[in-house]
Amino acid sequence: QVQLVESGGGLVQAGGSLRLSCAASERTFSNYAIGWFRQAPGKEREFVAAISMSGVTRNYVASVKGRFTISRDNAKNTAYLQMNSLKPEDTAVYYCAAGRTTATLARDDWGQGTQVTVSS
């Protein structure tokens, strides 16, 4: 499975913005759909957003629609999650995952992810 590394997290005030990056280790990145997930303390990991191989299809969880935008640059083997109007409830560790479709996103080792902390 493609190896992924997240970056771009940090501490931001409510209403602020961050852009997360998900870098892949191989040139077949364009053959995978990519998704973002997050896990808050004491909660299960939840789906946030996904983008198809071509970038045409994008899906979002209801709580981030209109605030987050998922995108990808296949030439750079990187996907992004632009997060605007951040809220304290967006605080979580964010992870990316890959799959043949947006419905089959998975990751053998979720790793450390990237921490996003939104202060009120």
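In what order do the strands of the open sheet of 6 strands stand? The order is β2-β10-β9-β4-β5-β6, and the pairing in this open sheet is mixed. Its edge strands are β2 (10–13) and β6 (58–60), each of which pairs on one side only. From one strand to the next, the twist averages 25 degrees. For such angles, axes are lines fitted to C-alpha atoms, for helices over the stretch in contact, and the angles run from 0 to 180 degrees between N-to-C directions.

This is a predicted model, in which local features need pLDDT of at least 70 and side-chain atom pairs count only at pLDDT 80 or more, while totals for chains, interfaces and linings use all residues. Residues are numbered from 1 along each chain as its sequence is written, and side-chain values use heavy atoms, with hydrogens and water left out.

## Overall build

The protein has 10 strands and 0 helices. Helices (H or I, at least four residues) and strands (E, at least two) are DSSP runs, numbered from the N terminus. Read from the N terminus on, the elements run β-β-β-β-β-β-β-β-β-β.

The C-alpha trace spans about 40 × 25 × 25 Å along the principal axes of the protein. A compact globule with 120 residues would have a radius of gyration near 14 Å, and the 13 Å of the protein agrees with this. That radius is taken over C-alpha atoms, and the globule rule is 2.2 Å times the number of residues to the power 0.38.

Of the 120 residues, 43% are buried. Buried means under 20% relative accessible area, exposed means over 50%, and partly exposed lies in between (1.4 Å probe, protein chains only). The accessible surface of the protein comes to about 6200 Å², and carbon and sulfur atoms account for 47% of it. Accessible areas come from the Shrake-Rupley method with a 1.4 Å probe; for residues, only the protein chains shown count as cover. Among contacts (heavy atoms within 4.5 Å) between residues at least 6 apart in sequence, 56% join residues at least 24 apart.

## The sheet of 4 strands

Another open sheet has 4 strands in the order β1-β3-β8-β7, with antiparallel pairing. At its edges stand β1 and β7 (68–73), each with a single partner strand, so one side of each has no neighbour in the sheet. Neighbouring strands of this sheet are turned by 15 degrees against each other on average, direction ignored. Strands of a sheet pair through backbone hydrogen bonds, either parallel or antiparallel. Here, two strands pair if DSSP finds at least two bridges between them.

The table lists strand pairs, including one from the sheet of 6 strands.

| Strand pair | Bridges | Sense |
|---|---|---|
| β1 (residues 4–7) and β3 | 4 bridges | antiparallel |
| β3 and β8 (residues 78–83) | 6 bridges | antiparallel |
| β7 and β8 | 6 bridges | antiparallel |
| β2 and β10 (residues 114–119) | 4 bridges | parallel |

Leu4 has Ala24 in β3 as its bridge partner. Cys22 stands opposite Ala79 in β8. In β8, Thr78 is the bridge partner of Asp73.

## Strand β3 and the disulfide

Strand β3 (residues 18–24) is mostly covered, with 5 of its 7 residues buried. The structure holds 1 disulfide, defined as a pair of cysteine sulfur atoms within 2.5 Å. A disulfide is a covalent bond between the sulfur atoms of two cysteines. The bond joins Cys22 to Cys96, at 2.1 Å from S to S. The link of Cys22 and Cys96 is right-handed, with 80 degrees about the S-S bond. It connects distant parts of the chain: Cys22 lies in strand β3 and Cys96 in strand β9 (residues 92–99), 74 residues apart.

Are the two cysteines buried or exposed? Cys22 is buried because its relative accessible area is 0%. Cys96 is also buried, with a relative accessible area of 0%.

## Two loop residues with positive phi

Asn77 is located in the loop between β7 and β8. Its phi is near 55 degrees, a positive value in a residue other than glycine. Asn77 has 15% relative accessibility and therefore counts as buried.

Ser85 is located in the loop between β8 and β9. Although Ser85 is not a glycine, its phi is positive, at about 50 degrees. With 41% relative accessibility, Ser85 counts as partly exposed.
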